[in-house]
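Dear colleague,

Please find the structure below, handed over for your files.

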Amino acid sequence: DNVVVDGSDLEGDNVVVDGNDLGGGSEVVGGNDTASIIDEAQPEVVTDCHDNWSDLKYAVEYRPLNHIGSLYFKICPNSTLDASSGPIVIDYDYVTVQCGNNGQKSDNCQIVGGFVHFHIVGKATEIELAGLRMSSSKGSSIIAASTKDATLKISDCEWMANSGASAVLIRSNATVDASSVTGILDISSMLDSSEAGMSVTMSGVGFMQNVLTYGTVVNVGGSLSIDKGRFNGNEIRIGDIAVMESGELFISYSCFDESASMVPGTIFIDDTSFLQENVNTFGFDNTDGGFDNGLSCTDIFIVAVGSDCSTGANCNGTCTTFTSKTCPLDVASLPTITPGGTDEVVGGGTDKKDTPSTEYARSKNSQDKPSVVPVVVAVLVCSFIVFGLGFIIFKRKRKKPASESAFQGDLAEVDVEDSL
C-alpha cells in the first residue's frame with residue numbers, strides 16, 4: 001500500500017513526490033508540506049514560506065491538482081522579492097498570499113519591480129492579499145480582472161514609489177502581457193467596458209509617494225470599499241481614487257494629504273458612477289491642476305451628467321467635502337459625523353439626478369457653536385452686584401454720622417433697608 005516516487009518510499013498509504021516524505025496520510029507536492037488531507041475541505045499550508053518571487057509564482061500557479069478548500073501561501077518575513085519575471089496570475093478560488101504567519105506588514109515582506117505584481121483573472125473569487133509592501137511596479141501593482149461575483153480582500157498592505165498607470169486597477173477582463181516589464185498600461189482604452197467588475201475591499205492600506213499616469217486606485221465598473229486608508233504624496237492625473245463606468249465607492253475613516261492631481265477631485269466620480277458612502281474622510285494640503293475655466297476641487301468631485309472632464313473644455317460637477325476635521329487615523333477618538341450636505345456646484349453644472357449616493361458633510365450642529373445663554377446670565381448677575389454695591393456706597397455718603405455709634409446705627413439701618 002505504499003507509493004514510491006523519485007526513489008522515495010513511505011509506509012502507510014502516503015504520497016511522496018520529488019523526494020519529500022510526509023507521514024499521516026497527507027500529500028507533498030513540489031517539496032511543499034500540506035497541513036491537511038487533500039480530500040477534506042480544510043485549509044492547506046502549502047509551504048513554510050517563500051523568499052523568492054519565481055518560487056512563489058510557481059507555487060501559486062501550479063497548485064496541487066483537485067484541491068478542496070483554501071490555499072495559503074506565505075512570504076518569509078524580512079524578505080524582498082523581485083517581481084521582474086512577471087506577475088502572479090490567480091485564476092482559481094480561495095487563495096491567500098500573506099506575509100509571515102499573521103499577514104501583517106510589520107513582518108516586512110517586500111515585493112519590488114516588475115510590470116504587474118498580481119493579476120486576478122477569470123472567475124477567481126475569495127482571493128486575499130495581506131501584509132504586503134509593494135513598490136516600483138511599472139504598470140499596475142494589482143489588476144483585479146475577475147467577473148462581477150468575484151471578490152478580492154486586501155488588508156494591511158502598502159504601496160510606495162510605484163510608477164505606471166495605477167497602483168490598483170479594477171476592470172473586468174483587463175489583460176496585460178504577462179512577460180511585459182516595460183511599456184505603458186493604457187487605462188483610457190479600457191473605459192468602454194460594458195461588464196461589471198469584481199468587488200474589492202481594502203482595510204488598513206497605505207499609498208505613499210506614487211507617481212502615476214492615471215489614478216492611484218482606479219475602479220472601472222466594479223465595487224470598491226476602502227476603510228482606514230491613507231493616501232500621502234501621490235502624483236496622479238485623475239485622482240487618488242477614480243471611479244468610472246457605473247462603478248461604486250464606499251469610503252470610510254480614510255485620510256488624503258499632499259496628493260496632486262490634474263483634474264478636479266482628490267476622489268473623482270464620473271457621471272455614471274456612485275458615491276455610496278463617505279464617512280469620516282479627511283483631506284489636507286491636496287492640490288489639483290485646475291482647468292482653464294477655473295474649475296477646482298480638492299475633495300470629492302462628482303461629474304455632472306453629460307459632462308466631459310477628459311480635457312476640461314466641458315467639465316462641470318459638484319465638489320463634495322470630506323467629512324472629518326481631523327484625520328481619524330491620527331486621533332484616539334474619532335469625531336462624530338452627522339448626515340448633511342456641503343456640496344458646491346462648480347463649473348456651472350448641476351447635481352446628478354437619481355443617484356443613490358449617501359453624502360455627508362462636516363458636522364455643523366449646535367455642538368459646534370458655544371451657547372450664549374451662560375454668557376447672558378453671567379452679565380446680568382454681575383450687573384446686579386455692581387448696582388447693589390453702588391447703591392450701598394451712595395447711601396453711606398448721604399448719611400454722615402457724627403460718631404462711631406451713629407455710623408453703626410446708620411449702617412444697620414441701611415442693611416435693613418437693603419435686605420428689605
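Strand E8 (residues 109-112) pairs with strand E11 (residues 132-135) in the parallel sense, over four bridges. Strands here are DSSP runs of E with at least two residues, helices are runs of H or I with at least four residues, and both are numbered from the N terminus. Two strands count as paired if DSSP finds at least two bridges between them. Cys-109 has Leu-132 in E11 as its bridge partner. E11 is in turn joined to strand E14 (residues 158-160) by three bridges, again running parallel, and there Arg-133 is partnered with Glu-158 in E14.

Please note that this is a predicted model, in which local features need pLDDT of at least 70 and side-chain atom pairs count only at pLDDT 80 or more, while totals for chains, interfaces and linings use all residues. Residues are numbered from 1 along each chain as its sequence is written, and side-chain values use heavy atoms, with hydrogens and water left out.

As a whole, the protein has three helices and 29 strands. Of its 420 residues, 45% are buried (under 20% relative accessible area, with exposed over 50% and partly exposed in between; 1.4 Å probe, protein chains only).

The disulfides deserve a separate paragraph. Five were counted, a disulfide being a pair of cysteine sulfur atoms within 2.5 Å. Cys-99 and Cys-109 form one of them, with their sulfur atoms 2.0 Å apart. Cys-99 lies in strand E7 (residues 95-99) and Cys-109 in strand E8, so this pair ties together parts that are ten residues apart in sequence. Cys-99 is buried at 0% relative accessibility, and Cys-109 is buried at 1%.

Another disulfide joins Cys-255 to Cys-327, S to S 2.0 Å. Cys-255 belongs to strand E22 (residues 248-257) and Cys-327 to the loop between strand E28 (317-320) and strand E29 (343-346), so the link connects parts that are 72 residues apart in sequence. Both Cys-255 and Cys-327 are buried.

A further disulfide, between Cys-297 and Cys-319, has an S to S distance of 2.1 Å. The torsion about its S-S bond is about 75 degrees, so this disulfide is right-handed.

With the bonded cysteines numbered in sequence order, the pairing reads 1-2, 3-4, 5-10, 6-9, 7-8. Cys-157 is in no disulfide, and the nearest cysteine sulfur, that of Cys-99, is 9.2 Å away. Cys-157 is buried, with a relative accessible area of 0%.

With kind regards
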